Amino acid sequence: MTPPLHNRLRALREARGWTQAELAERTAVSRKTINTVENRVFIPSTVLALKLARAFERPVEDLFWLEDDAPAT
Amino acid sequence: MNRIERAERLTRWRAHVSHVLGILFVVQGFRAADWRVIQPTDYAQLVGWAVWLAVLLGFLLFGSGLLHGPAFGALVNDETTAANRRAALLAGFWAMLLTAAICYGASFTMALAVRPAIHVIVAMGVGVALMHFGSLERRALKA
């Protein structure tokens, strides 16, 4: 069973004042994909996770963490 | 309208069309199960059904947006869509298996010809996959 993956994409995105569509444009995916990742409906691939980390200029562990793991700050 | 908005619009349209086509294909599959609708010798209708099946399978397996270029095609068929497509195909497989089991059971109590049974089994498999794909895509689009 895939362990639940938490993320703080929405918080980081909103802190930058980006819409889902703007983040989608920066990562070359659809807005639907951003939406499903933010809402934990969809677990992104490693490639997409790295693209998102690059868009926010943060390590990937800052964006995603496993349940029971404290989020990196 | 930028490419993200165009992709969104096309994805929304594809989700609705997929759902409607799935329903139509299931309904038509059950209608075709009656020999009064499609006679064994009505080859024009049988070929028409096969062509429609091929078109629907192409729509389901390869998606849309490819005519707008590879970059846009990749955008509207990104990893969420690929995951939804896999889930839809799995649902279609189980629907097909269940329908085949029901047809098998029904054959003990009624005369069930092979061709109508195949129509119903294929219609359920492809139709349920299309409907499920449409539902998953619409759910994914909701903010």
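Of the 73 residues of chain A, 33% count as buried; a residue is buried if 20 or more other C-beta atoms, placed from the backbone, lie within 10 Å of its own, exposed if 12 or fewer, and partly exposed in between. This is a predicted model: local features need pLDDT of at least 70, side-chain atom pairs count only at pLDDT 80 or more, and totals for chains, interfaces and linings use all residues. Residues are numbered from 1 along each chain as its sequence is written, while chains are lettered from A in the order in which they are written.

Start with the fold of chain A. It has five helices and two strands. These are DSSP runs, numbered from the N terminus: helices are H or I with at least four residues, strands E with at least two. From the N terminus, the order is β-α-α-α-α-α-β. The radius of gyration of chain A is 11 Å, close to the 11 Å of the globule rule for 73 residues, so the chain is as compact as a globular protein of that length. That radius is taken over C-alpha atoms, and the rule is 2.2 Å times the number of residues to the power 0.38. The C-alpha trace spans about 30 × 25 × 20 Å along its principal axes.

Now take H2(A). Its buried residues are Gln20(A), Leu23(A), Ala24(A) and Thr27(A). An α-helix has 3.6 residues a turn, so residues three or four places apart point the same way. The buried residues of H2(A) pack against H1, H3 and H4 of chain A, together with H1 of chain B. Contact here means C-beta atoms within 7 Å, placed from the backbone. Just after H2(A), Ala28(A) takes a positive phi of about 60°.

The contact between the chains takes 15 residues from chain A and 14 residues from chain B. On the chain A side, H2 (20-27) and H3 (31-38) each supply at least two residues. H3(A) gives the largest share, five residues.

Move to the largest nonpolar core, with 22 residues. A nonpolar core is a set of buried Ala, Val, Leu, Ile, Met, Phe, Trp, Tyr and Cys residues joined through C-beta atoms within 7 Å. Phe25(B) and Val126(B) are among the members that touch the most others. H5(B) supplies the largest share, 13 residues. A second, separate core of 17 residues includes Leu9(A) and Phe56(A).

Definitions and conventions
Contact = placed C-beta atoms within 7 Å.
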